[in-house]
Amino acid sequence: MKLLTCFVCAFFILSMSPLLSQTNYNESQVPSFEVPDPLTTFKGKKIKSVKKWEKTRRPELLHFFENSVYGKIPKTLKIDSYNILEQDNNALNGKAKRKQVELTFKNNGKTLSYTILLYLPKNIAKAPVFLGYNFYGNHTITEDKAVLISSAWANNNESFQIENNTLTEESRGKRTNRWAVEKILEAGYGLATIYYGEVDPDKNDFSDGVHSLLYDRNQEQPKPDEWGSIAAWSWGMVRALDYFEKDADIDASKVIAFGHSRLGKTSLWAGATDQRFAGVISNDSGCGGAALSKRKFGETVGRINTSFPHWFCDNFNQYSDNEEALAIDQHQLLALIAPRPLYVASAAEDQWADPRGEFLSAHYASSVYNLYGKKGIETTDMPKINEPVHNTVSYHIRTGKHDVTDYDWENYIKWANAFVK
Ligand code: GCU
C-alpha cells in the first residue's frame, strides 16, 4: 500500500512537473548543451552549398517544425472573396490612404472572415508594407474613428475597458503606443494590421477560428501533427500576402512580417513557411519564437505548453521538460528565413523571453546566411543595451520591458531601408 501511495505520488509529481519546475533566471544555471548545427543533416551529412541547403537540409528542418512544433495545415484554403469595406484617400489628416479589406474563406459549409486595416503612404505608387497582427482589434492601434471595431471574441482587459470578451468604442486608440504609424508612413512604408482573434480566438478551443474549416468528417480538434493557433495565425498572414499580390497600391515583393511576443512567434513561422515574405521581425518573441529552448531560461517548453496548450501542435508536448530530446532548436527556425533579412529584438527587462537566448539564436542561424554570402550576427558577445547591430540578420536589446516602442520601430525602419527596400 505504502509503495502504491509512493508510486501514485511520484506519478502525480511527474505529471505536474512543468508547473513545478522553477523558472531559471540565472545564467550560471543554464545547462550545457550542444547547439544543433543548421548545416549538418539529421543523418550527419555536412552541408556546404546553397543548393544542398535548399534541396536537403532546409526541407527536413521545415518538416520537423511542421510536424513536431507548430503543426501542419491539413489542406490548402485560399481566399474565396475579398471586399473593400471602406476606403479613404485622405486619411490621418491627409497623410495616408486608408483601406479596410475583408477576406472571406469558405469550406465545410463554414465561413471565416477577417479584416485587414491598411494605411499607405500617399506619394508612393506601390508601397512596401509592414504586416503584423494586433492583440485587441484594429481600432486599438489608432485614434482614427473610421477604423471598424471587430465583433470577434477578445480577451478581457480591465485597463482597456474590454469586458464580456467584447470590443467596443472604449478601447479605441488604447494601443497607439505600440504602432509608430506616422514614422512608418513618413519612411515610405505602408502598415497592414489584422486582429488575430478574427483568425483564431486565443483560447484553448478548436471549435472556433479557422481550424474547423479544414476538419475531416467528425473531427473536432487538430490531429497531433496538425496546426495549433500559432500556425493558424501565420496562415492568416500568408493569405493577407495573397491579397497584397492583387492590390495595385502594394509592392507584394516587399512585405515584411512583423510580430510582438506570441505574434512574433507567429511572424517567424509565417516567414519560415512562405518565402514570399521579404523580411521578418521578431519583437520579444521568446520561448517558441526566437529564444533557444535548450537554455531553459525564463519560459520553458513545459511552461508554455501548460499555460497555452493550443499554441503548438500536440506533438510538441513530448518536449515539455524534455528539451534535451529536441533534434532542433529555435535558431534553425530563424535559419529557415535565410537569406531574407531578419531582425530579432529583445528588451532588457523581458527576462521571461530570454534576451540572451534570442541573441544567440540569431548568431547560430547566421551560418546559413553566410552560406548565401550575407552577414549575420557574427559574434557570441551580446551588444550593449541600445547599441543595435544591423546586418542582414540584425539584433538589438533595448532598455525597458516586454513591449513595442518607437525605438524598436526606428530600428526596424533603418534596417528595412538598408536591407529590404
Ligand atoms: C506570455 C507567454 C509568452 C508570450 C507572451 C505574449 O507571457 O508566456 O510566451 O510571448 O505571453 O504573447 O505576450
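How are helix 2 and helix 6 oriented to each other? These legends take that up in the last view, and everything shown comes from a predicted model.

**View 1. Who sits around the ligand.** The residues around the ligand are Ser261, Arg262, Lys265, Glu299, Ile304, Phe308, Trp311, Trp352 and His402. Sorted by class, that shell holds 4 nonpolar, 2 polar and 3 charged residues.

View 2. Start with Arg262: an N or O atom in the side chain of Arg262 is 2.5 Å from an oxygen atom of the ligand. For Lys265, an N or O atom in the side chain is 2.9 Å from a ligand oxygen. As for cover, the ligand taken alone exposes 320 Å², and the protein buries 82% of that.

**View 3. Helix 5 meets helix 6.** Here we have helix 5 (residues 229–244) and helix 6 (residues 262–273), whose axes come within 8 Å and cross at roughly 60°. That angle makes helix 5 oblique to helix 6. The crossing of helix 5 past helix 6 is right-handed.

**View 4. Helix 2 meets helix 6.** Now for the opening question. The axes of helix 2 (residues 50–68) and helix 6 come within 11 Å, crossing at roughly 140°. Angles over 145 degrees would count as roughly antiparallel, so helix 2 and helix 6 are oblique to each other. This time, helix 2 passes helix 6 in a left-handed crossing.

Methods:
Residues numbered from 1 in each chain as written. Predicted model: local features only at pLDDT ≥ 70, side-chain atom pairs only at ≥ 80, totals over all residues. Heavy atoms only, no water. Near = heavy atom within 4 Å. Polar contact = N/O pair within 3.5 Å; in protein donor to acceptor, adjacent residues only side chain to side chain. Areas by Shrake-Rupley, 256 points an atom, 1.4 Å probe, with all protein chains shown as cover. Nonpolar A, V, L, I, M, F, W, Y, C, P; charged D, E, K, R; others polar. Axes fitted to C-alpha atoms, helices over the stretch in contact; angles between N-to-C directions. Helix = DSSP H or I, 4+ residues; strand = E, 2+ residues; numbered from the N terminus. Parallel < 35°, antiparallel > 145°, perpendicular 65-115°, else oblique. Left-handed = near helix turned anticlockwise from the far one by under 90°.
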